Amino acid sequence: MKILVYGQERKWVSELQRLFRRDQIELCEAASRDIKLAVTDFPVSKMRKGIFAKIPFLVVSREKREEKILEAFEMGAEDYMVYPVSPKIARARILRIVKHYGIEEYLEGLKERVHFTPNEYRVLSFLMACPGKVFSRNEVLEGAFAEEYEGYDRNIDNYVKQIRKKLKQDAGKRDWIETVYGVGYRFMP
């Protein structure tokens, strides 16, 4: 995976690249179509134009004025870090964003192959956002539907049953959603 690093100090970028070697992530300083994330300084206005229109980005900047930080988030920044920031902390925050978008890409590809009802898709998306974490039925209801769901918490069982059936047809015999008896469900990648 390639991440564009724009407007950052060379020493910091070198240390970050060293940390990313084990993650199979390459940092580059030139834009290309296979960039999955951008780490930038101001001006963030460039991040919503051209090939950057759909690429998630985070800001690492010496600018710490509240209005500039808010401006970055209003422009769509995933995160904002005030320099100097440890390369280890930057790596952790970048990996969190990469993981989040990796799940979204997987879901979009899966959605093209498998027909989920809107409610099934909401439940699956919610569970996939925190792989390995166990959620009760009520937590799934609140997380996947907010306050717009008027059904029973036991309906989650039916959604999970249908999701499992569809995933098995698409991805083989393995159960991607585990039941933790007496507690709830968890997605296991």
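Buried means under 20% relative accessible area, exposed over 50%, and partly exposed in between (1.4 Å probe, protein chains only). This is a predicted model: local features need pLDDT of at least 70, side-chain atom pairs count only at pLDDT 80 or more, and totals for chains, interfaces and linings use all residues. Residues are numbered from 1 along each chain as its sequence is written, and side-chain values use heavy atoms, with hydrogens and water left out.

**Exercise 1.** Find the order of the strands in the open sheet of 5 strands.

Solution. Start with the terms. Helices (H or I, at least four residues) and strands (E, at least two) are DSSP runs, numbered from the N terminus. Two strands pair if DSSP finds at least two bridges between them. The order is β2-β1-β3-β4-β5, with parallel pairing. Next, take the edges. β2 (26-28) and β5 (79-82) each pair on one side only. Now look at one pairing. β4 (residues 57-61) joins β5 in the parallel sense over 4 bridges. Within it, V59 has Y80 of β5 as its bridge partner.

**Exercise 2.** Work out which strands helix α1 touches and which strands helix α2 lies across.

Solution. Contact means heavy atoms within 4.5 Å. Axes are lines fitted to C-alpha atoms, for helices over the stretch in contact, and angles run from 0 to 180 degrees between N-to-C directions. Helix α1 (residues 10-20) packs on the sheet and touches β1 (2-5), β2, β3 (35-40) and β4. Its direction makes about 155° with that of β2. Helix α2 (residues 66-74) lies across β4 and β5. It runs at about 150° to β5.

**Exercise 3.** Classify the ring pair W12 and Y83, then the pair W176 and F187.

Solution. Rings of Phe, Tyr and Trp (its six-membered ring) pair if their centres lie within 6.5 Å; planes under 30 degrees apart count as stacked, over 60 as edge-to-face and the rest as tilted. The count comes to 3 aromatic pairs. For W12 and Y83, the centres are 6.2 Å apart and the planes stand at 75°, so this pair is edge-to-face. W12 sits in helix α1 and Y83 in the loop between β5 and α3 (87-113), so the pair ties together parts 71 residues apart in sequence. Both W12 and Y83 are buried.

For W176 and F187, the centres are 6.0 Å apart and the planes at 15°, so the pair is stacked. W176 is in the loop between α6 (155-171) and β6 (177-180), and F187 is in strand β7 (residues 184-187). W176 is buried at 17% relative accessible area. F187 is buried too, at 5%.
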